[in-house]
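This report examines a single protein chain through selected local features. Please keep the sequence and the three-dimensional view at hand while reading.

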Amino acid sequence: MFSNILIYFVVIPLLMLGGLALCRNIKQVRAVAVTGSLALLGLSVYLLVDYLAQRAAGETAQMLYTGTWSWFGPLNINLAVGVDGISVAMLLLSAIILLTGSFASWKIDPLPKDFFLWLILLSTGVFGFFISIDLFTMFMFYEVALIPMYLLIGVWGSGNKNYSAMKLTLMLMGGSAFLMLGLIGIYYHSAPEGQPLTWNLLEISRNASISTGWQYFLFPLTFVGFGVLGAMFPFHTWSPDGHASAPTAVSMLHAGVLMKLGGYGCFRVAIYLMPQAANDLAWIFLILTGISVVYGAFSACVQTDLKYINAYSSVSHCGLVLFAILMLNTTAMTGAIMQMLSHGLMTALFFALIGMIYGRTHTRDIRLMGGLMKIMPFLAVCYVIAGMASLGLPGLSGFVAEMTIFVGSFEHTDTFHRVFTIMACCSIVITAVYILRVVGKLLFGPVYDEHHLTLTDATWWERTSTVTLIISVAAIGCFPNFFADLIKFTFSPAIFSVIGMN
């Protein structure tokens with residue numbers, strides 16, 4: 001088992017949990033959190049390099065580094081792992097945000113050890129989810145990633161944290177109920193009659209044993225189940241409250257990584273295993289995700305709390321991910337995965353900066369702030385960069401991701417798809433409105449309160465966090481071909497042969 005590199009994405013977080021349990025002071029907690037996060041980032045980079053080397057050497061298998069270890073024989077449940085280019089990209093994203101979130105939580109109080117224990121448990125679920133190709137273990141890691149959110153928000157959050165934590169937990173558990181029903185249905189139709197049933201994604205895809213009638217029933221269950229976590233309308237209402245009340249690192253991981261489990265699951269499970277139903281029913285979910293894109297952007301325009309602005313912006317951008325996936329062609333799907341990477345990094349940067357500003361001004365209300373460029377220029381410049389990435393400035397990640405989505409979406413020649421593509425494109429204009437409004441009010445103009453003049457700029461650990469994220473955002477914007485090639489070679493030709501696209 002331990003000869004497979006993917007296992008260490010779960011082993012390292014588990015070792016971190018053991019190390020944190022033995023810590024006796026905050027310095028030891030920080031050392032374990034940062035050391036473990038650096039190890040995971042190093043492992044992710046090594047995996048990326050080795051994966052590209054294997055691809056260059058002519059390896060054509062859809063999943064690499066596969067391994068299977070029996071767990072519960074009677075139900076054929078296995079710890080089955082494997083990754084393709086999309087999984088590798090998601091692992092790298094998760095490692096970057098975990099490291100930067102650890103630096104952003106350098107001064108977390110109270111109970112820093114307990115906070116990091118729950119945070120690392122959440123990340124264990126995230127890493128396990130992205131390496132799993134067994135539906136049962138994938139669902140298990142999915143739940144491991146969700147459950148810590150209640151305590152992380154309820155104990156270390158702010159504002160109406162108890163309400164937000166309970167609302168988030170109940171709505172995501174409701175989505176999990178839909179998902180569990182869908183996965184059980186897939187399991188019982190995973191193999192031709194007379195052959196052993198399986199939870200393995202690759203085997204189910206090869207068997208192609210789910211009839212069209214059952215696909216029509218199971219596809220909505222799985223897509224909605226994952227779509228709840230992806231903030232799909234009308235199941236998005238948990239997201240703004242959850243983001244607004246969560247502590248900084250939790251918001252970073254929540255918006256930057258956890259919500260990506262939704263889009264990844266919709267692609268990896270719902271569309272990959274049930275392409276015929278995806279082709280026939282996509283129009284229903286295109287309407288819902290199109291509403292998410294525009295509604296989230298308009299809602300962000302009328303908010304005055306920095307976290308609510310970014311939370312509704314996340315509803316819009318994550319809606320764009322699901323919207324692109326449902327376009328069912330290579331270009332749009334490539335854009336969807338790039339948007340997952342882009343949004344994960346830039347929203348983590350946003351929440352990190354908001355937490356740093358709030359820690360100094362003790363308010364997130366933009367009506368009570370102004371002139372921060374004079375007071376904390378480093379943080380202000382970083383906020384401008386994050387804003388430009390969000391509204392799609394060329395040279396940053398948001399531009400290449402959104403342009404790829406819109407170009408791919410417009411490949412459809414029918415009126416329905418093109419109307420909804422144009423409607424989604426309008427979100428760019430709305431995004432520019434609320435981003436520029438916030439930047440102008442928050443950073444420039446007169447200082448709102450003279451006592452703010454005594455505030456300090458970013459510390460070294462805050463600079464480490466923000467600069468790492470900015471470099472990552474710029475890397476995607478400046479080298480889009482690298483990431484696009486990493487992603488597009490992993491799409492299964494079988495999907496497009498069924499749905500008639502390319």
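Does C426 count as buried, partly exposed or exposed, and what is its relative accessibility? C426 counts as partly exposed because its relative accessibility is 41%, a value that lies between the limits of 20% for buried and 50% for exposed. The model described here is predicted.

## Cysteines

The relative accessibility of C425 is 28%, and this residue therefore also counts as partly exposed. A disulfide is a covalent bond between the sulfur atoms of two cysteines. The structure contains zero disulfides.

For comparison, the two sulfur atoms of a disulfide must lie within 2.5 Å. C426 is likewise in no disulfide, since its nearest cysteine sulfur is that of C425, 7.1 Å away.

Strand 1 covers residues 64-72 and strand 2 covers residues 77-83; the two run antiparallel and are joined by six bridges.

Four residues separate the two strands, which together form a hairpin. In the turn, N76 has a positive phi of about 55°. Strand 2 is mostly covered, with six of its seven residues buried.

## A nonpolar surface patch

Which residues make the nonpolar surface patch of about 390 Å²? The patch is made by W71, F72, L75 and F136. F136 belongs to helix 5, which spans residues 135-146. Because its relative accessibility is 34%, F136 counts as partly exposed.

## Helix 14

Helix 14 runs over residues 330-361 and has 32 residues. From its first C-alpha to its last, helix 14 reaches 46 Å, close to the 46 Å expected at 1.5 Å a residue.

How many residues of helix 14 are buried? The number is 28 of the 32, so helix 14 is largely enclosed by the rest of the structure. Just after this helix, H362 adopts a positive phi of about 60°.

## Salt bridges

Side chains of opposite charge can pair when their charged atoms come close. The structure has five salt bridges. One of them is formed by R268 and D84, whose closest N and O atoms are 2.8 Å apart. This pair links distant parts of the chain, 184 residues apart: R268 lies in helix 11 (residues 248-273), and D84 lies in the loop between strand 2 and helix 3. Both R268 and D84 are buried.

A salt bridge also forms between D305 and R364, with the closest N and O atoms 3.1 Å apart. Here too the pair links distant parts of the chain, 59 residues apart: D305 is in the loop between helix 12 and helix 13, while R364 is in the loop between helix 14 and helix 15. D305 and R364 are both buried. R367 and D365 form a salt bridge as well, at 2.8 Å from N to O. Of these two partners, R367 is exposed because its relative accessible area is 51%, whereas D365 is buried because its relative accessible area is 17%.

Note on methods
Residues numbered from 1 in each chain as written. Predicted model: local features only at pLDDT ≥ 70, side-chain atom pairs only at ≥ 80, totals over all residues. Heavy atoms only, no water. Patch = residues over 30% accessible without salt bridge, like charges linked within 9 Å, V, L, I, M, F, W, Y side chains within 5 Å. Areas by Shrake-Rupley, 256 points an atom, 1.4 Å probe, with all protein chains shown as cover. Salt bridge = Lys/Arg side-chain N within 4 Å of Asp/Glu carboxyl O. Buried < 20%, exposed > 50% of the residue type's maximum accessible area, 1.4 Å probe, protein only. Pairing = 2+ DSSP bridges. Expected span 1.5 Å × (residues − 1).
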